[in-house]
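Please have a look at the structure first, and then I will go through some of the pairs one by one.

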Amino acid sequence: MSTLKKSFPEVQRIPLIITRDLSVFPGAMVPFNTSDPDTKRAITSAYDKEKLVFFAFPEETLIDGEKDPDNDKRQVEISRTGTVVKIMQIFKLQNGSIRILGEALQRGYINTLFEQDHFSEVTVDLILPNLEKDEVLALEVLMNTVKQYFKEYSSMVGSIPQKKLQQVTAEQDPDRLVDTAAHFIQTEAVKKNHLIQESDPKKRLQELAVLLQTEQELMKLNESIQNKVKEKFELTQREFFLNEQIRQINKELGRDVDEADEAEQLYKQLEAKKPSQEILDKARKETNRLKKLQPSAPEAGVLRTYLEWLADLPWGIRTEDSFDIKEAEKILNEDHYNMKRPKERILDYMAVRRLHPKLKGPILCFVGPPGTGKTSLGRSVARALGKKFIRISLGGVRDEAEIRGHRKTYVGALPGRILQSIKRAETANPVFLLDEIDKISSDFRGDPASALLEVLDPEQNASFTDHYLEVPFDLSQVLFIATANSLHTVPSALRDRMEIIEIPGYSDIEKYHIARKFLITKQLKENGLESAQITFHKQAIYSLIRDYTMESGVRNLERTVSSVLRKIAREYLEKKSPPPLDQFSRNITARSLPALLGTAEYVEDQIQKSNSPGVAHGLAWTEMGGKLLTVEVSLLPGDGRLILTGNLGEVMKESARISLSYLQSHCEAYGIDPERFRSTNIHVHVPQGAIPKDGPSAGITLLAAMCSAFMDRRIVSPISMTGEITLTGVVLSIGGVKEKLLASYRHGITTVLLPAGNRRDLDEDIPRSVIKALKVIHVETVQEALAVLLDIEKE
């Protein structure tokens, strides 16, 4: 034996690399990849010096020397034997890992191990051959045996190059023979590592012979198993051939219709609907496949279901459109009060459709608070157009397959809900309502909103392809109507494909007419009192609207009317001798409501009546409609801090800071001592702290409340306000004007301060009765607003 120092005198220590899945034999070229930071440092260090590294492999040993089945604790130790490798080339890959190509030089034994911060270094003693003269003959016999086994192994594997086979056959050195042959054996590294550890050439040859013989037996066993599988497959094919003969015999004898005939019937059913040639070709292909399968084959059920879906869809089947515009307008007015814009849009569509029969269906989106009649309006549209109506709810849908379907190879696969609904409608041009499109979610299964991009694009939906059908279906004649409470959660690409029609909340007057014309009549019928003489006085209806409900829509109002009628129905049946129902009468007045419904649920808050300095009433938009937003400001001795409470969002907090900064910079104009800002803490609070509040439109309200508190002057009452402000004193326009005006009107505040930029919004669907009842003041600057709110000009 000799040390590495004798063979490589300039090298004292070389980096250690531990590899579990690679056996390195001398004479072989070693490709090695790693992304481990410590291993990369070791390779780089070696490459910068003598380009030598030492490859070793781990050994698992039991801690206590014996195996405990219930507590099998293991520790990993490094094998002391390995191979010295010289790095020839090094490559840096794009993923951050490195790849080296090295030449294995000689086996060695670790003499000393030096632990470093990131990798270890070793000194190595080389393993040199030490042959005894009396063993030469035995080694020669073993070498011939190994060469014969390797030749047989090579013929079975078929992937060992002929040149390497000749090299093994001609090799005369025992160690080089083992190293060269073992390198080409295709087995686990742990089996070949024993050949690296062993230093005795005779034992190495014996272990290699056993390994070659074992691998040959395993390959023979594997080949035997494969032959048996092949024979079994051929037997299955033979059974299929015989079953096919039996099927033909049964057909000649006129017995039951078999799978092939059923498939042909489905194809003819589809062909009668005259779909495109592409669809017929696909159906013919799947029909021919089904004919060749046994009825019990799993794939037969999949193909049969697929053909049934193809045959059941309404290819080219359309209902006749109604073009009577006056009749359609009558139907729309019968079902819904007001809603001028959506009704006009539908009637416009009917007119153009009559002039251009091949017009593609529009993609409409009704946006408004809950309970404003968006879903029921879609049903009325279908009735007015003489089309069938289908509806799917998208609330909570988070799987793309709900829209596009699953691939038919999956167990239990079906088309998406779009084509399922088209099949139920039995027509290719229904009115299709996509309810709650703003409630779509997404997760690891995909984004349904992205799948809807094709459905709701008139340029693409003429060839909508479901994952299950794999053939295009024409949706261009479908009238899609989506509904949403808010567009904030609808992706911009999807929003761009739809024509947005706002359906804002109702005023009290509109609710009164809806209740008289629709809700009371409907609930009388549903509660079995249709023939009774029951009347609601005008003030009773207004009391239901103002004292028992507080909403933008009429859903709760309908429930409240129903609750009143249920009480009356019970009262009628509890009489000792009730008269016939058509002779029973009852007048419902505002005074009788507490006995039927209890005390009023919505009483005007005291805070809304408050008119003390530092209190201002703003207006806010929510998905439920407009709300009154009261702001309170209190001044406390302190160090000039701004305290914000009431669950305010970041944008609203910024508005408060802007308001304070503006007031500080213009304090002299309002007679406020600048020193007060340094010695006073300003506490701004917005009541109802459990409700999150955000947005820039409360800027003028916050500034008015602060200015009122510092000047100790009450704001002119009653007045509500809304508007975003800037540091330069400009009042910017805001959104949700109708909802905000209705909120002010609902709370009895008839004077409203609005930005001048919102003049144009007063013409948009706001009832004239509301406009007449309100005094709207438009301002362009903060100075104008504060002059009105604090009545400064009169002094």
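**Salt bridges across the chain**

R546 is partly exposed, with a relative accessible area of 37%, where buried means under 20% relative accessible area, exposed over 50% and partly exposed in between, using a 1.4 Å probe and protein chains only. Before I go on, this is a predicted model, in which local features need pLDDT of at least 70 and side-chain atom pairs count only at pLDDT 80 or more, while totals for chains, interfaces and linings use all residues. Residues are numbered from 1 along each chain as its sequence is written, and side-chain values use heavy atoms, with hydrogens and water left out.

The partner of R546 is D508, and the two form a salt bridge (a side-chain nitrogen of Lys or Arg within 4 Å of a carboxyl oxygen of Asp or Glu) whose closest N and O atoms are 3.0 Å apart. D508 lies in helix α18 and R546 in helix α19, so the pair ties together parts 38 residues apart in sequence; helices here are DSSP runs of H or I with at least four residues, strands are runs of E with at least two, and both are numbered from the N terminus. D508 itself, at 2% relative accessibility, counts as buried.

A second pair is D321 with R353, at 2.9 Å between the closest N and O atoms, and both residues are buried.

Then there is E571, which forms a salt bridge with R586 at 2.8 Å, linking helix α20 to strand β16.

By this rule, the count comes to 36 salt bridges.
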